[in-house]
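Good morning, colleagues. Please take a moment to look at the sequence and the fold on the screen before I go through selected features.

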Amino acid sequence: MIKRFIIAIVLLVIVCGGIVGFNLFRDNAIQQFFANMPVQSMTVSTITVEPRKWTPGIEAIGTVGASRGVDLTVETTGIVKEINFEANQRVEANATLVVLDNAVQQADLEAAKTQAALDRQSFQRAEELRKRGVGSDVTLDAARAAASNSESQVAKLQAVLDQKLLKAPFAGTAGIPRVEVGQYVQPGTTVATLQDLETMRVDFSVPEQQLEKLKMGQAVTFGITATDMPFKGEITGIEPKVDPVSRLVSVRASIDNPEGRLSPGQFLQVRVLLPEEDNVIAIPQTSLVSSLYGDFVYVIRPADEVKKAEESPAEDAAAAKEQADAAKPAAEEAKPADANAEEKLAVAQVFVKIGRRLDGIVEITEGVSANDRVVTAGQNRLSNGTPVTIDNTIDPTKTAKPEAPAQ
């Protein structure tokens, strides 16, 4: 009985040991298989980072206004007799736009002109008699005063008659008529708007910290969106006082509008151009990836270098990167012409500090240096150390940027 029990225990140990050994062998084989299995290479597009010229600017939102624009109103009461313009009609300076009923004033003016002519003849007759020694000085002075008074009366009635005419103070585009023929109007009634659309102005505000960067005549660009700014202008006025409530400074700029594409009251994106800067490191915004830990990019490097950097501490990795960057020019010269096709490449995740943005380009202040190859498309499939293949047949930085409308 004891012998059978011992045999059963031995058999149980053998079976359990075989099962455990088989599982260990299987797990080790699977681990070895996946460890030695080649990782699939991802296709990406890249750019080589190069120092570039950068034109910084002050961004703002402005309101368009006509350089000359008024609401036309009548000066006196009356009934509208004629309307000599239509909506959006181009009118010249001093053109008569509206005529009020002026029959009474016209009659008074004719009577005054007749009296003025009579008084003028009386004055000439008295002057002639005085030269002959027949008339007196008193008679001559009275005739002169009567003639002068009649001329003043004619001028007064002419001014009253002119008030019945509404004329364009300058050349421009008339708006929609707001009165009708036969309508009774009173002083101050708005008849229409008149805007000079050839030259416009844009009013905008900038923070007080930017005030010292502004100057008269400084170039400004405008556009409906921040990526399309076809309109050009210059600063024509800077408010010398900072608003104590908003801490903003009011600025006015002129803008040419020969094609009439802009309208008063319209909003525009404004960029005040600052002096150009050289040797700025910048990359397309499509290269930048944002996460909870910060912004980063994927940089193309030799696979061995990336693997070595993953296995070493951060300090050693930084030192290895500096050594690799220093040796890069010599390695490029010593490399054969077809070495790039056989070189194994991988991506390294590099956290960066970003600066200014402009036209789809973002400035990099720390993390990327000149001659680094940065991934511009395909980042969603990448992780640190992923093998990659470069294919730059399509440049997403150009296809993604909207084309400017034809001028």
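Predicted model: local features only at pLDDT ≥ 70, side-chain atom pairs only at ≥ 80, totals over all residues.

Isoleucine 14 is a residue of helix α1, which covers residues 2–36. Is isoleucine 14 buried or exposed? With a relative accessible area of 55%, isoleucine 14 counts as exposed, because the cut-off for that class is over 50%. Isoleucine 14 also contributes to a nonpolar surface patch of about 900 Å².

I turn now to the sheets, beginning with the barrel. Six strands form a closed barrel, in the order β3-β12-β15-β14-β13-β16, and their pairing is antiparallel. On average, neighbouring strands of this sheet are turned by 40 degrees against each other, direction ignored. How many bridges join strand β3 to strand β12? There are 4 bridges between β3, residues 57–66, and β12, residues 199–207, and the two strands run antiparallel. Opposite threonine 63 stands aspartate 203, in β12.

The next sheet is an open one. It has 4 strands, ordered β4-β11-β9-β6, again with antiparallel pairing. Which strands lie at its edges? They are β4, at 69–73, and β6, at 90–91, each of which pairs on one side only. Within this sheet, β9, residues 172–174, pairs with β11, residues 190–195, over 2 bridges in the antiparallel sense. Here, threonine 173 has glutamine 195 of β11 standing opposite.

Thank you for your attention.

Key. Residues numbered from 1 in each chain as written. Heavy atoms only, no water. Patch = residues over 30% accessible without salt bridge, like charges linked within 9 Å, V, L, I, M, F, W, Y side chains within 5 Å. Areas by Shrake-Rupley, 256 points an atom, 1.4 Å probe, with all protein chains shown as cover. Salt bridge = Lys/Arg side-chain N within 4 Å of Asp/Glu carboxyl O. Buried < 20%, exposed > 50% of the residue type's maximum accessible area, 1.4 Å probe, protein only. Pairing = 2+ DSSP bridges. Axes fitted to C-alpha atoms, helices over the stretch in contact; angles between N-to-C directions.
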